[in-house]
Amino acid sequence: IYQNLKEFRVYKLINYAIEDLKYEIEKRRAEAAEKKFKEKEKELRKAVEISPDSASALVSLGEFYEKNRNYTELVGLSRKLVELVPNNKFSFLLLGEAYDNLDMYEEAEEAYLKAIGLDPTYTWGYASLGNIYNELNRSKEGIQMYKRYFNISNKYDEDINIKLVKLYMNI
C-alpha cells in the first residue's frame, strides 16, 4: 500500500493529528456542556435565593436535580418544598423519588404514602410504591399497589404490567 517508509510515517502522523483533533473537539463539547449545566444550575439557584418561598422556583430546581440525577440535593430541596406546600402531592412524590434513587426505601415509602393520602386517585404514587415494594421483595404489597394503579388509571402500561407479572411469579 505504501511506497516507502516515509509515506507510511506521513500517513501515521496525519492519523494521529486527526485523532487529536477529534479528542479536542469532544473535550470542548464536554466543557461547553458542563459550562451550560453550571449556568443553568446557577440561574435556578438564584431564582430560589430571590424567592425562597416560591414553590415554582423550588420545583424547577428540583426537576433540574432529578433530570441530572443529583438526588442528594433533591432531598434537601424536596424537604423545603414539603414545608412550603405540605398539602401538595407532587412535593411528596418528588421527595419520594429522591429517597428512592438513594435506596432509602423506608423514607421513600413514607413520602409516597403521604402523596397518596393527599390524593387517593394519584396513580403515579401507587406505581412508585409498587416499585418500592418490588425492590424490597414485598410481593403482595407490590401487587396491591400496581392493581390500584391499573384500576384508577384505566390504561395499559407495559412496564408496570411486566413488574406485576414478576411479582405474581414470586408469590
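Reader: Buried means under 20% relative accessible area, exposed over 50%, and partly exposed in between (1.4 Å probe, protein chains only). With that in hand, is Glu41 buried or exposed?

Author: Glu41 is buried, with a relative accessible area of 15%. This is a predicted model, where local features need pLDDT of at least 70, side-chain atom pairs count only at pLDDT 80 or more, and totals for chains, interfaces and linings use all residues. Residues are numbered from 1 along each chain as its sequence is written, and side-chain values use heavy atoms, leaving out hydrogens and water.

Reader: Thanks! Where does Glu41 lie, and what does it touch?

Author: Glu41 is part of helix α1, residues 5-50 (helices are DSSP runs of H or I, at least four residues, and strands are runs of E, at least two, numbered from the N terminus). Setting aside residues up to four places away in sequence, Glu41 touches Phe64 and Tyr65 (contact means heavy atoms within 4.5 Å).

Reader: Which residues is Leu81 in contact with?

Author: Apart from neighbours within four places in sequence, Leu81 is in contact with Ala55, Leu58, Val59, Ser91 and Leu94. The C-alpha atoms of Leu81 and Ser54 are separated by 8.9 Å, and these two residues are 27 apart along the chain.

Reader: New topic: which residues touch the most other members of the largest nonpolar core?

Author: Leu61 and Leu74 do, in a core of 40 residues (a set of buried Ala, Val, Leu, Ile, Met, Phe, Trp, Tyr and Cys residues joined through side-chain atoms within 4.5 Å). Elements giving two or more residues to this core include α1, α2 (55-67), α3 and α4 (89-101). Beyond residues up to four places away in sequence, Leu61 touches Leu44, Arg45, Val48 and Leu77.

Reader: And how do α5 and α6 pack?

Author: Helix α5 (residues 105-118) and helix α6 (residues 123-135) pack at about 155°, with axes 9 Å apart (axes are lines fitted to C-alpha atoms over the stretch in contact, with angles from 0 to 180 degrees between N-to-C directions). That angle makes α5 roughly antiparallel to α6 (over 145 degrees; under 35 is roughly parallel, 65 to 115 roughly perpendicular, the rest oblique). Tyr105 and Ala108 of α5 are among the residues making the contact, as are Gly125 and Tyr126 of α6.

Reader: At what angle do α6 and α7 pack?

Author: About 160°, with the axes of α6 and α7 8 Å apart. That makes α6 roughly antiparallel to α7.
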